[in-house]
Amino acid sequence: MNSLAHWLRRSLQIGFPCYLLLIAVLCLHPKEETVPVGFHDKILHATAYGVGALIAMNGFVERRSTILILLFIWGVLMEIGQRFAPGRSFEYADMLANGIGIALGIGLFCACRQLSSRRLAHQNI
């Protein structure tokens with residue numbers, strides 16, 4: 001592995017726990033007032049956990065499935081924590097959105113990797 005790829009992978013490995021901490025702060029920070037956000041909230045959940053999955057897929061080559069399972073568990077723990085945070089609420093739909101986001105992140109990673117492999121194979125012809 002070249003030094004740039006190694007540096008990038010290491011940066012993602014270090015950045016992943018920081019990203020989880022950011023999710024925790026955003027999920028558990030008390031809200032002043034409860035405003036119904038509806039479907040928009042589910043998109044935010046899916047996006048946040050999709051980005052987390054992309055970071056995990058790129059940063060942890062040897063332990064991808066373990067890290068992705070831990071990411072989903074983290075989302076469940078954040079939902080449980082929201083039950084106790086002022087102005088926040090526990091929702092099963094948010095956990096589902098987290099899981100869908102993780103699946104979409106994995107799918108996007110696999111699609112990009114497939115395209116990259118095809119492009120490299122085509123260039124080597």
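Trainee: Which residues is Tyr19 in contact with, leaving aside its neighbours within four places in sequence?
Mentor: Tyr19 is in contact with Thr47, Ala48, Val51, Gly52 and Ile55. Contact here means heavy atoms within 4.5 Å. Please bear in mind that this is a predicted model, in which local features need pLDDT of at least 70 and side-chain atom pairs count only at pLDDT 80 or more, while totals for chains, interfaces and linings use all residues. Residues are numbered from 1 along each chain as its sequence is written, and side-chain values use heavy atoms, with hydrogens and water left out.

Trainee: Is Tyr19 buried or exposed?
Mentor: Tyr19 counts as buried, because its relative accessibility is 17%. Buried means under 20% relative accessible area, exposed means over 50%, and partly exposed lies in between, with a 1.4 Å probe and protein chains only.

Trainee: Where is Tyr19 found?
Mentor: Tyr19 is found in helix 1. Helices (H or I, at least four residues) and strands (E, at least two) are DSSP runs, numbered from the N terminus.

Trainee: What span does helix 1 reach from its first C-alpha to its last?
Mentor: Helix 1 covers residues 3–28, and its 26 residues reach 38 Å, close to the 38 Å expected at 1.5 Å a residue. The expected span is 1.5 Å times one less than the number of residues.

Trainee: Where in helix 1 does the kink lie?
Mentor: The kink lies at Gly15, shortly before the proline Pro17, and is about 30°. The bend at a residue is the angle between axes fitted to the seven residues ending there and the seven starting there.

Trainee: Which residues of helix 1 are buried, and what covers them?
Mentor: Gln13, Phe16, Tyr19, Leu20, Ile23, Ala24 and Cys27 are the buried residues of helix 1. Their cover includes helix 2 (39–59) and helix 3. Residues three or four places apart point the same way, because an α-helix has 3.6 residues a turn.

Trainee: Let us change topic to helix 2. What do its buried residues pack against?
Mentor: They pack against helix 1, helix 3 and helix 4 (92–123). Among the buried residues of helix 2 are Asp41, Lys42, His45 and Tyr49.

Trainee: What is His45 in contact with, again leaving aside neighbours within four places in sequence?
Mentor: His45 is in contact with Glu79, Asp94, Ala97 and Asn98. His45 has its place in helix 2 and counts as buried at 8% relative accessibility.

Trainee: How many salt bridges does a search of the whole structure find?
Mentor: The search finds three. A salt bridge is a side-chain nitrogen of Lys or Arg within 4 Å of a carboxyl oxygen of Asp or Glu. Asp41 forms one with Lys42, with the closest N and O atoms 3.1 Å apart.

Trainee: What about Lys42 and Glu91: why does that pair tie together parts that are apart in sequence?
Mentor: The side chains of Lys42 and Glu91 meet in a salt bridge at 2.7 Å, N to O. Lys42 lies in helix 2 and Glu91 in the loop between helix 3 and helix 4, so the pair ties together parts that are 49 residues apart in sequence. Glu91 counts as partly exposed at 29% relative accessibility.

Trainee: And which residues meet in the remaining bridge?
Mentor: The side chains of Lys42 and Asp94 meet in a salt bridge, also 2.7 Å, N to O. This pair links distant parts of the chain, with Lys42 in helix 2 and Asp94 in helix 4, 52 residues apart. Both Lys42 and Asp94 are buried. Salt bridges that share partners join Asp41, Lys42, Glu91 and Asp94 into one network.

Trainee: Turning to helix 4, what distance separates its end C-alpha atoms?
Mentor: They are 47 Å apart, which agrees with the 46 Å that the 32 residues of helix 4 should span at 1.5 Å a residue. The cover of its buried residues includes helix 2 and helix 3.

Trainee: Finally, how many helices and strands are there in the chain?
Mentor: The chain has four helices and zero strands. Buried residues make up 30% of its 125 residues, and its C-alpha trace spans about 60 × 25 × 20 Å along the principal axes.
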